[in-house]
Amino acid sequence: MKKVRLLITIMICTLLLGGCGESLNKKEAKQLKENAKIYCDEVHKRLAQEEKYGNAVLLEAFVYYIDIYDNSERPDAANVYSKYQLEDGSIIYFNTMISDMKGLGELTDKSFYFLPFEEREEQYLVYREAAETGNLRGDKLKSVGEGVYARESETGASYYFMVDIDNIDTASTAEASATTEVSTITEVSTTTEMEVSKPVQEPLKLSGNPEDEYVMTKPEYVETEKYILFLDEGIKIYGNTPELIAYVMELTETEAGLTLNNDYGYESWGTSGPQYYYDGTNFEGVDPNCEKFHIYVVPDEISVPCSMPSAVVLNNIDLELAAGEGWTLVHEYTHSLHASNGVNLGRIMEEGFATYVCGKVTRKDAGIPFNFNANLNYSSYDREITRDNAEEVFKEEFEDGWENYLYGYRFMTFLYEEYGEDIFHDILKDATLNPPEGVDHFENKDAIPYIKKHTSEDVFIKYGDWLVDNKEMFEAWNTVDVESLEDN
């Protein structure tokens, strides 16, 4: 594998509320740049050992550091995005996730998870421009010196670096593969092979009896036909919890009108998910290619509930399904169904769909309770939406993220009520098959052309009028199913 030019872009992104908001100092920036070079070299060496990619030419790469919990000692993970040209002239991209980053000296082959993916040139161009010029999708970032650009957001701050290394010896990788560096890698590989060959931890067997309680004394997992439930130490479940989860997932799929689609953007974390949320040695060999859906249950201090196309993260309270707490699973699983079937469509449409489906599921007489009233949860919306401002408000990227839920729930209800059960699917399919040029990640405004195409040019005027006429539908006291209001 030849190495022609290595372009390293470093992004540090705080993903959850309460993240870092302070600028990096010069020493921290220098260290991260040095680490990024090492990460890119390590990824390149490992790919060079693969017969399929051995003669590929590395064109460029960038590193995306992830600091989820504002840990000042080290990032929690890094993604190395690399662009290669194969022998036939075709281009292939890799997203290599480096997890469990306890230190550069402790990286082993199992720390690296390679995911080849196609057609990501637009994503490269967006991030390169941010690193080179401080321009991110038209927004000018703040220069904080040392070639660093910062982006403040409600979730913290993102920092963009770039290191440009030209005229790298194209034989350096080949020489390394034949000498000392390959022997180091071989030793690591041998160690990893021995570890993987250990028996895979057996899944936890449950009684099926709702009266039986199980409290985890160590990390355990329960495997079903459709999903795998990963449980941290201290998590409590019941004998029938897996059956109730499967039932809630089925209810959600029915009301969402979607099933998991492994063929579209299914960002499989594989072993990286368990390594990320639990100790890296746990669950080794358990569904490494994420062929089944993953549910990670962790303490509140580890993560809030969230979703990916191939997994959701829940807290212990969310497994109290018989006590009515299954609505969080409904909401997050709806996000996974959406994300595994198409583009995100912006926060309003994303949260609007999840809140609407959650409202439909929790209003059903489904045989299990749900301690959730969508109207009560999303009733306190102080902003007045009318025919005159509905579209302009939709275009906003709200500083208060909660407004995505409040506007989204009302707007999605309107779309379904006025345009039928297929309206969201039609918009999603069109935007996925025909994405807007130059848009890597949808903002609210990017969804408008698709919404109008499948409704009408004056859809937001109609929405404003409809919302005024149906204001009572969203009052906290109103627990009536919205479909029945139309019938009356």
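This is a predicted model: local features need pLDDT of at least 70, side-chain atom pairs count only at pLDDT 80 or more; totals for chains, interfaces and linings use all residues.
Local features need pLDDT of at least 70 and side-chain atom pairs count only at pLDDT 80 or more, while totals for chains, interfaces and linings use all residues. Residues are numbered from 1 along each chain as its sequence is written, and side-chain values use heavy atoms, with hydrogens and water left out.

**View 1. Glu391 and Lys452 form a salt bridge.**
A salt bridge is a side-chain nitrogen of Lys or Arg within 4 Å of a carboxyl oxygen of Asp or Glu. Here the N to O distance is 3.0 Å. The pair links distant parts of the chain, 61 residues apart. Glu391 lies in helix H10 (residues 390-395) and Lys452 in helix H13 (residues 448-453). Helices are DSSP runs (H or I, at least four residues), numbered from the N terminus. How accessible are the two partners? Lys452 is buried, with a relative accessible area of 16%. Glu391 is partly exposed at 22%. The cut-offs are under 20% relative accessible area for buried, over 50% for exposed, and in between for partly exposed (1.4 Å probe, protein chains only).

**View 2. Lys445 pairs with Glu443.**
This salt bridge spans 3.9 Å, N to O. Lys445 is partly exposed, at 42% relative accessibility. Glu443 is partly exposed too, at 23%.

**View 3. Lys462 pairs with Asp458.**
The side chains meet in a salt bridge of 3.6 Å, N to O. Lys462 has 38% relative accessibility and counts as partly exposed. Asp458, at 34%, is also partly exposed.

**View 4. Helix H8 crosses helix H11.**
H8 covers residues 347-363 and H11 covers residues 402-419. Their axes, lines fitted to C-alpha atoms over the stretch in contact, come within 7 Å and cross at roughly 70°. Angles run from 0 to 180 degrees between N-to-C directions. H8 and H11 are therefore roughly perpendicular (65 to 115 degrees). H8 passes H11 in a right-handed crossing, meaning that the near helix is turned clockwise from the far one by less than a right angle. Contact means heavy atoms within 4.5 Å. Residues making the contact include Ile348, Phe353 and Tyr356 of H8, and Tyr405, Phe411 and Leu415 of H11.

Conventions. Helices (H or I, at least four residues) and strands (E, at least two) are DSSP runs, numbered from the N terminus. Angles under 35 degrees count as roughly parallel, over 145 as roughly antiparallel, 65 to 115 as roughly perpendicular and the rest as oblique.
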